[in-house]
Protein chains: 2
Amino acid sequence: MMTAENQNNQLAENKLKPRQRDILKALVQKYVDTAAPVGSETVRRVGNLEVSSATIRNELAALEEAGYVHQPYTSAGRVPTVEGYRYFVEELMERVNLSVPERRMIGHQFHQMRLNLDQWMSLTAAVLAHTARAASLVTPPHAKSAYFKHLELIGINEVMCLMILVLQDGSIHQEMLGMANPIDQETLTQTSRKLNVLLKNCTAEEIQESKDPELTALEGLTRQVLGRVVDIMESIDRDAISKIYRDGLENMFREPEFRDAEKMQQLIEIQQRHNLLEPILASILNSNGIQVIIGGEGPYEEIDNLSLVLSRYGIRDRASGVLGIMGPRRMPYGRAISTVRYVTRLMDDLISNVYGEDD
Amino acid sequence: MMTAENQNNQLAENKLKPRQRDILKALVQKYVDTAAPVGSETVRRVGNLEVSSATIRNELAALEEAGYVHQPYTSAGRVPTVEGYRYFVEELMERVNLSVPERRMIGHQFHQMRLNLDQWMSLTAAVLAHTARAASLVTPPHAKSAYFKHLELIGINEVMCLMILVLQDGSIHQEMLGMANPIDQETLTQTSRKLNVLLKNCTAEEIQESKDPELTALEGLTRQVLGRVVDIMESIDRDAISKIYRDGLENMFREPEFRDAEKMQQLIEIQQRHNLLEPILASILNSNGIQVIIGGEGPYEEIDNLSLVLSRYGIRDRASGVLGIMGPRRMPYGRAISTVRYVTRLMDDLISNVYGEDD
DNA sequence: ATTAGCACTCTAATGAGGGGACTGCTAATT
DNA sequence: AATTAGCAGTCCCCTCATTAGAGTGCTAAT
């Protein structure tokens, strides 16, 4: 993310000499590949550098001094630090694109899909996970404010009815309502028809503050239903991230950094702890472009040794969600970013087809 | 499960002398507690047995001969075999009940809940996982045959509409439909009203085989909608297990048997592989009472070192699902069973309130 | 039938030793 | 001044041997 801190970093970073950049780049690439500390001779080979390993050792010492690499112990090779990854992502990484067959495959899957929100989100998560070979996260499209669209009441038995609420963004909410006394389907239909007229295109706030005598005078079932509608709409307004679709967790367990049981358990707990990820995803909703969050960086200490590549998709404030992937910090960022970029573009297209020329 | 094989087993099992039963019982209890092989002296102490450890050693050798216990290596203690667990569960285990505060807590959570299927299932999974301290599985209630209840079409924009299909069992299915040419909301409402009348209480089969000229003569959007309705209903009929709600996986990772990364990965893969669990859950739908599946037993070789305690809930063929827990084979079966029993009873009550006096 | 006693077995923990990868430094070279 | 060859030194990690300890099976006595 582009913050003030970051700009400071960049000033410092730009002081790196070209050769140091080459060295850092080769080192990160190799380390991402092998997960083992990288020595000077290896850097020379991987980076095709025309200097001796002794020179590279000197430069590595300088890079360590500057905080971009780290030595697990004296006389081991070097490993990138968080700052090293950040520099790599911002300055060194070459843009990669998904191969044509991969793009075709993804496009194909998206076009075959039935347009059911749940399936759609699951599929997106699956595609992301499979293509980036990492864990994926997707949140459903969400509007800044919920607008009432349609209500339906369906009698289930003597004392219960099913309420179905459709909002402008296409989301559907259902709830079973207990009724004080038996009400027949005809009355239920009347009730829903009446509310459909009264509430058309309203927000929760508008409903609550309405002085319309028709609304304020409601009683009985109708009042009960209205109350639930407002509750639901308010909870939607409140929670930008209603649900997180996930997939591909197993990809992470394959990585050597999670070989050890304790690290694995930490990972599982991070997945479970919604209060950790939700604020991050919510913040992405107000951003543009692809955001790379490198674990341990700034406010993200808690997700140490994980990284996220996230992007907002859809139409801001109208129907917009977050998608992206989560992997070990040692992640092929180039591929991750290109995957997220491509899927975001597809989602943007789909969203603008569905929500684009509304009303 | 009570099969012919099992009855054979039982004959064999009943040949165990009372002292052998005491020994096996103490051994299983201790092993479940400590996850370490149990020696003769420990059995004597745990089981309060009035014989010497030498006698117990002799009996243990007999139990090993009979296949109920196993020695990891010469001169180690004993560990229960699958058969040992089975005998324990069928014959030795004492019935335990959840404590009153626990029951109260669970009951409270269920009564506070909004009656939304998704929340309901998630809550049930959470309660099971938390109470049994294991992973939990819950499938939504499902009817043997899907009966049409209600259809709604809501225009989203010029070329798309949202179809909402409600079935007799209260399940809701939604899909976005693309329309060849723009259709206004009035027409959509007409269409849904018409289909609501024609399809009322029909099964997929009845719709397909209907000779009603009103149905067979349909065209355009109405025909398209009808096609999707039938497709959805058929897929419901086909798949007894539409979705599995899970929770508490992290409980399993805490167990020592999954300390090692490889076992953990196996576990993740079992969670992922739907074709493994779904048939098991589907078979539970046709059973009664609580079923204990001990990993590695009979046809369940693939889930080696896992056990399942499952139960059908609800009204058979009308609105019935499966719930239960999954844990390491070394599991406190008594507590697991009592948890599943109690939650099943609560679910039965809820289901009969909602679906009981239908029509 | 039971038990005390004992030799025996096998694991798991500990620590020593050595190979290997890589460094940092020095001194020579360009 | 920058680069490099060379080399001593560092530290990990693997292997191997040793040992303590838990628990067994067997025998002979009760």
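**Conventions.** I number residues from 1 along each chain as its sequence is written, and I letter chains from A and number ligands from 1 in the order in which they are written. As the model is predicted, local features need pLDDT of at least 70 and side-chain atom pairs count only at pLDDT 80 or more, while totals for chains, interfaces and linings use all residues.

**Entry 1: DNA strand D.** I looked up the residues near this strand (C-beta atom, placed from the backbone, within 6 Å of it). I found 20 residues around DNA strand D, the closest being A:Val51, A:Ser52, A:Thr55, A:Ser75 and B:Gly39. At least two residues each come from α4 (53–66) of chain A and from α3 (40–46) and α4 (53–66) of chain B; helices are DSSP runs of H or I with at least four residues, strands are runs of E with at least two, and both are numbered from the N terminus. α4(B) gives the largest share, four residues. I sorted this surface by class and got seven nonpolar, 10 polar and three charged residues. Nonpolar covers Ala, Val, Leu, Ile, Met, Phe, Trp, Tyr, Cys and Pro; charged covers Asp, Glu, Lys and Arg; the others, Gly among them, are polar.

**Entry 2: DNA strand C.** Here too I listed 20 surrounding residues, with A:Gly39, A:Ser75, B:Val51, B:Thr55 and B:Ser75 the closest. Two or more residues each are given by α3 (40–46) and α4 of chain A and by α4 of chain B. The largest share, four residues, is from α4(A). The classes near DNA strand C are seven nonpolar, 10 polar and three charged.

**Entry 3: the sheet in chain A.** I traced an open, antiparallel sheet of three strands in the order β4-β5-β6, where pairing takes at least two DSSP bridges between strands. β4 (148–157) and β6 (172–178) are its edge strands, each pairing on one side only. The average twist from one strand to the next is 20°. Eight bridges join β4(A) to β5(A), residues 160–167. A:Leu153 has A:Met163 in β5(A) as its bridge partner.

Note on methods: Axes are lines fitted to C-alpha atoms, for helices over the stretch in contact, and angles run from 0 to 180 degrees between N-to-C directions.
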